[in-house]
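Q: Please take a close look at one part of this model. I would like to understand its salt bridges: which side chains pair, and where do they sit?

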Amino acid sequence: MLQKFSEISGSGIPVIISSDGDYFSQGYDCSCKLVRDNEFVQNFVSLGTAVMQLIRNHNAPVLLYGKGHVWGAALELALICDAFVCSDTCDIAYPDASFGLPPIFVDPFTFREILGERLFARILSGTIMHADEGLESNIITAKGSYEDAIDVMNKLNNPTFITGKEWDSIDLARIRNHLKYIQHMDTSKINLKALESYRKSNL
């Protein structure tokens with residue numbers, strides 16, 4: 001993803017982030033089943049915040065189209081995009097916090113700011129929210145097919161939107177503070193095995 005955005009940075013080309021599978025993502029890759037140390041988590045979060053900065057600095061709309069599960073870090077990614085369009089069967093959730101994982105793409109303060117206090121608390125509780133509820137809560141921009149996502153993207157791709165996006169600055173101090181927290185957090189509380197079991201039980 002970093003390479004893709006680096007190649008088109010400053011080009012003014014709109015982007016749709018999507019997946020070919022039956023669901024977009026269940027979030028953090030638990031295949032490693034362990035977190036080695038703080039540096040391991042910090043490097044992962046650094047990569048996530050780099051993607052976030054590329055999305056927010058891109059001079060054209062960036063939209064996420066989700067099918068099936070859009071969970072964990074995938075939900076964070078959807079929230080930092082300019083629009084989030086999903087299929088009728090999509091559901092969103094953020095179980096990661098319950099298993100000790102910190103946000104990957106966005107710092108907690110910005111996360112709370114995007115969602116609002118009540119919705120932020122509900123999302124962090126691990127509640128699975130289906131597409132209609134996500135739409136009513138304004139987490140999801142629109143429901144429909146990939147072609148509908150293209151339509152939303154084309155509507156956003158105008159000078160007024162681009163100018164507004166340029167003024168939507170990134171709070172670098174928040175990113176630095178989040179990385180500082182990661183540097184000293186207790187990684188023994190991160191339980192990837194339990195998170196993976198939870199995800200498998202909800203497939």
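A: Here is a walk through the salt bridges, pair by pair.

The model is predicted. It holds nine salt bridges. Why do such pairs form? Side chains of opposite charge can pair when their charged atoms come close.

Start with lysine 143 and aspartate 88. Their closest N and O atoms are 3.8 Å apart. That falls within the 4 Å cut-off, so the pair counts as a salt bridge. The two residues come from distant parts of the chain, 55 residues apart. Lysine 143 is in strand β7 (residues 142-143). Aspartate 88 is in the loop between β4 (83-86) and β5 (91-93). Lysine 143 is partly exposed, because its relative accessible area is 30%. Aspartate 88 has 58%, so this residue is exposed. This pair also belongs to a network: salt bridges link Asp88, Asp132 and Lys143.

Next come arginine 199 and aspartate 96. Their side chains meet in a salt bridge at 3.4 Å, N to O. Again, distant parts of the chain are linked, here 103 residues apart. Arginine 199 sits in helix α10 (residues 192-201). Aspartate 96 sits in the loop between β5 and α4 (108-115). Both arginine 199 and aspartate 96 are buried.

Now take arginine 174 and glutamate 113. This salt bridge spans 3.1 Å from N to O. Arginine 174 is in helix α9 (residues 172-184) and glutamate 113 is in helix α4, so the pair ties together parts 61 residues apart in sequence. Arginine 174 is partly exposed, with a relative accessible area of 22%. Glutamate 113 is exposed, at 55%.

How values were computed: Residues numbered from 1 in each chain as written. Predicted model: local features only at pLDDT ≥ 70, side-chain atom pairs only at ≥ 80, totals over all residues. Heavy atoms only, no water. Helix = DSSP H or I, 4+ residues; strand = E, 2+ residues; numbered from the N terminus. Buried < 20%, exposed > 50% of the residue type's maximum accessible area, 1.4 Å probe, protein only.
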